[in-house]
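Please open the structure in a viewer and follow the stops below in order.

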Amino acid sequence: MDVNLILNDHFVLVQRKSQMSLHQLPKKEGKQWTIKVGRDLVDLSSALGKPHGTFKLSRNEENKSKAFSLVPSNDVVELKEKLKDLNSGENNKEIWDDGKSQQLKKEDIEELRGQGLTGSEIVTQLVENSKTFQIKTEFSQEKYLSKKEEKYSEWVEILKPNIRHLAKYFHSQDPMQILNLRPDTLAMIMSLANIKSNGKFGVFDGGCQGLVTAAILDRIQGFGTVWNLCLKGISQKRVIQAMNFSPEQLKPLKNANLHKVKESLKKEENGDGDEVPAAKIIKLDEDAPQPLELGSLDGLVVLCRRPNAIAKELVRLLAPSGNFVIFCPYSEPLCETYTDFRECNLAVNLKLTEAWFRLHQVLPLRTHPEVNMSGSGGYILSGIKVVS
């Protein structure tokens with residue numbers, strides 16, 4: 001199976017300019033799968049069997065469906081290249097936003113779309129019918145074309161999901177569905193937790209859709225063990241599914257209910273556990289992971305809104321000199337945890353940090369910070385466990 005091809009039942013990210021959406025392809029072959037990209041209907045199943053990359057929206061005259069088909073394309077021509085010979089003004093002082101500069105009405109644009117004109121052709125028509133385009137500054141023209149390409153561009157990218165793309169996608173859709181965890185904060189967590197191959201790691205995901213668990217699985221690539229810890233119900237795995245992991249990559253993933261783990265650990269501590277006859281002990285494979293025990297984890301990551309109580313319990317599973325990272329979208333709960341850990345002498349190199357990050361808008365004539373940006377990417381408490 002070629003992982004670089006778009007296959008049935010796989011997830012893909014569909015991107016047009018800054019717009020991105022996550023979709024799962026149909027499980028059965030031969031089934032049309034229509035999605036919406038901006039205002040356009042697109043038959044995603046027409047990309048099956050083709051490599052990930054850039055596609056052009058194309059009308060199939062034989063097909064009566066209103067949906068566009070996807071045709072692989074390497075010859076992407078940006079609108080600014082087509083219209084680079086047009087004149088531009090020195091400033092915008094003569095331009096008034098009175099809503100009368102564009103001669104084409106909404107009905108005219110819909111008619112052009114119904115005639116099968118490509119996005120570039122529609123934008124060209126908009127430029128030609130604008131009274132003010134050629135007296136705008138070159139920078140203003142660039143912004144105008146970028147805005148129109150968001151709506152009418154006939155090129156889309158079908159991307160193979162990876163951690164960076166998925167982190168950006170979920171954060172852009174609704175930051176709090178992943179506890180406001182930004183991609184740069186995720187990178188800090190992976191570094192501070194010292195995630196590496198052949199390690200044994202525990203993750204308590206209290207609302208990040210399995211993003212950190214998927215990031216760990218992606219990094220260790222089948223070598224090691226990842227305990228997905230949960231209190232009740234089914235552990236969060238939306239991002240894990242979207243990564244299209246192979247069975248070998250998913251092999252390290254083990255789910256553990258913390259209530260059952262706590263009961264078994266209590267029995268071990270009190271010596272109440274029933275002895276199992278030697279004849280009934282199941283022989284484990286050499287590749288099978290060791291059971292989850294106190295002091296058995298090399299690294300621990302906890303993500304939730306109220307981490308204080310759960311973090312103190314889970315740190316017991318961490319081996320001495322093991323790294324732990326506790327993430328919370330708010331600083332107050334982590335301040336309490338920091339104080340408790342400091343008083344109990346549980347860790348060294350204990351740090352409470354906030355990641356700071358600012359996106360920049362990159363244009364040919366000017367680069368500047370974006371006006372809208374996230375206020376905070378959350379807070380991280382990290383340290384190394386010690387035994388006093």
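Helices (H or I, at least four residues) and strands (E, at least two) are DSSP runs, numbered from the N terminus. The model is predicted, so local features need pLDDT of at least 70 and side-chain atom pairs count only at pLDDT 80 or more, while totals for chains, interfaces and linings use all residues. Residues are numbered from 1 along each chain as its sequence is written, and side-chain values use heavy atoms, with hydrogens and water left out.

Begin by selecting helix 2 (residues 106–114), where Asp-108 is found. Asp-108 has 30% relative accessibility and therefore counts as partly exposed; buried means under 20% relative accessible area, exposed over 50%, and partly exposed in between (1.4 Å probe, protein chains only).

Next, select helix 7 (residues 211–220). Eight of its ten residues are buried, so helix 7 is largely enclosed by the rest of the structure. Among the buried residues are Leu-211, Ile-216 and Ile-220. Just after helix 7, Gln-221 takes a positive phi of about 50°.

Turn now to the aromatic pairs, of which the whole structure holds two. Rings of Phe, Tyr and Trp (its six-membered ring) pair if their centres lie within 6.5 Å; planes under 30 degrees apart count as stacked, over 60 as edge-to-face and the rest as tilted. Select Tyr-169 and Phe-170: this pair is edge-to-face, at 5.2 Å centre to centre and 70° between the planes. Tyr-169 is buried at 9% relative accessible area, and Phe-170 is buried at 1%.

Finally, select Phe-324 and Phe-341, whose ring centres are 5.5 Å apart with planes at 75°, so this pair is edge-to-face. The pair links distant parts of the chain, 17 residues apart: Phe-324 lies in strand 12 (residues 318–328) and Phe-341 in helix 12 (residues 331–344). Both Phe-324 and Phe-341 are buried.
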